[in-house]
Amino acid sequence: MHKLDWELYLLPFEQAVEEIKVKLKNIRNELRKRKEHSPIEFVTGRVKSIPSIYNKANRLQFPIDENICWELRDIAGIRIICQFIDDIPAVVEMIRQRSDMRIYLEKDYVSKPKESGYRGYHLAVEYPLMTARGQVTIPVEIQIRTLGMNFWATIEHSLNYKYEGLIPSAIRQRLIEAAKASYKLDSEMNNIREEIKEAQVEFTAQEVPMESLISLVELDLDLDAAQAAEDDGTTTEGTKTKDDER
């Protein structure tokens, strides 16, 4: 087995991540310009680091060769963040309708969360990519989460890293309870999503002149300065107050 040239091997994955990010952001921007609700709040992406590839491959006992990307499926990763739970199936349907990628595996961790409390919707897609040497098809994992799900997952990931995958049981249990609380908040927001959408449309429709924004900032700064002066017993000009003179 020849040794992989990782720089060349990962190159198409980097290209795929950038292309998909642009395509999804364009959908979001078009919907917003049409004054329609976008189920896509923001999009991020990454290519798995070489040490992470080795760690996962060794853990799952996969050989490191040309096919490792199809074994792991997540060397190229896209994350789509939504405002509401109901936005998740809308995004999934958007991807199903696309002709430039094909879903070959779905995992619904929204309605059926992992034991850890994690929620999210995962898609494994085949993405055809044009390279200098012709078209290649590579696997890309797309994770779809709400803001709340993503916040919880980020914290859980950090704790897993800190404790090297062995999070103390007490903290693990608190994480599970936090996941339940986060999903309850997501559900409540989802129940009033129409009112939230209307409020957001009204808010963004108001064009506030830049001069007004600058005035508000200056007013806040003046108030902060006045409060600080009151706290340390000086005026905003730095002179002593009458109480100090007594």
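β3 and strand β4 (residues 121-131) pair in the antiparallel sense over six bridges, where pairing requires that DSSP finds at least two bridges between two strands. This is a predicted model, in which local features need pLDDT of at least 70 and side-chain atom pairs count only at pLDDT 80 or more, while totals for chains, interfaces and linings use all residues. Residues are numbered from 1 along each chain as its sequence is written, and side-chain values use heavy atoms, with hydrogens and water left out. Helices (H or I, at least four residues) and strands (E, at least two) are DSSP runs, numbered from the N terminus. Here is a tour, starting with the sheet.

**The sheet**

- Five strands form an open sheet with mixed pairing, in the order β1-β2-β5-β4-β3.
- β1 (42-47) and β3 (102-108) are the edge strands; each has a single partner strand, so one side of each is left without a neighbour in the sheet.
- From one strand to the next, the twist averages 25°; angles run from 0 to 180 degrees between N-to-C directions, and axes are lines fitted to C-alpha atoms, for helices over the stretch in contact.
- β4 and β5 run antiparallel and are joined by 11 bridges; Glu 126, for instance, stands opposite Pro 139 in β5.
- As a reminder for reading these strands, side chains in a regular strand alternate between the two faces of the sheet.

**Helices on the sheet**

- Helix α4 (residues 87-96) lies across β2 (76-82), β3, β4 and β5 (134-146), and runs at about 170° to β5.
- Helix α5 (residues 147-162) also packs on the sheet, where it touches β1, β2 and β5, and its direction makes about 100° with that of β5.
- Asn 150 is found in helix α5 and counts as buried at 15% relative accessibility (buried means under 20% relative accessible area, exposed over 50%, and partly exposed in between, with a 1.4 Å probe and protein chains only).
- Beyond its neighbours within four places in sequence, Asn 150 is in contact (heavy atoms within 4.5 Å) with Arg 79, Ile 81 and Arg 145.

**Nonpolar cores**

- A nonpolar core here is a set of buried Ala, Val, Leu, Ile, Met, Phe, Trp, Tyr and Cys residues joined through side-chain atoms within 4.5 Å.
- The largest such core has 42 residues, of which Ile 80, Val 140, Ile 142 and Ile 144 touch the most other members.
- Two or more residues of this core come from each of α1 (6-33), α2 (50-60), α3 (68-72), β2, α4, β4 and β5, with α1 giving the largest share, 10 residues.
- Ile 142 has contacts with Ile 78, Ile 80, Ile 95, Met 101, Tyr 121, His 122, Leu 123 and Val 125, leaving aside its neighbours within four places in sequence.
- There is also a second, separate core of eight residues, and Ala 153, Leu 159, Ile 167 and Leu 175 are among them.

- Leu 4 lies in the segment before α1 and is buried, at 9% relative accessibility.
- Although Leu 4 and Ile 64 are 60 residues apart in sequence, their C-alpha atoms are 8.3 Å apart in space.
- Leaving aside neighbours within four places in sequence, the contacts of Leu 4 are Tyr 9, Ile 64, Asp 65 and Glu 66.

**Cysteines**

- Cys 69 is buried at 5% relative accessibility, and Cys 82 is buried at 0%.
- The disulfide count comes to zero, taking a disulfide as a pair of cysteine sulfur atoms within 2.5 Å.

**Positive phi outside glycine**

- Lys 35, which is not a glycine, has a positive phi of about 65°; Lys 35 lies in the loop between α1 and β1 and is exposed, with a relative accessible area of 72%.
- Arg 73, again not a glycine, has a positive phi of about 70°; Arg 73 lies in the loop between α3 and β2 and is partly exposed, at 25% relative accessibility.

**Confidence**

- The protein chain averages a pLDDT of 87, and 81% of the residues score at least 70; pLDDT is the predictor's confidence in each residue, from 0 to 100.
- Over residues 234-246 pLDDT stays under 50, and the model has 11 contacts beyond four places in sequence for this stretch.
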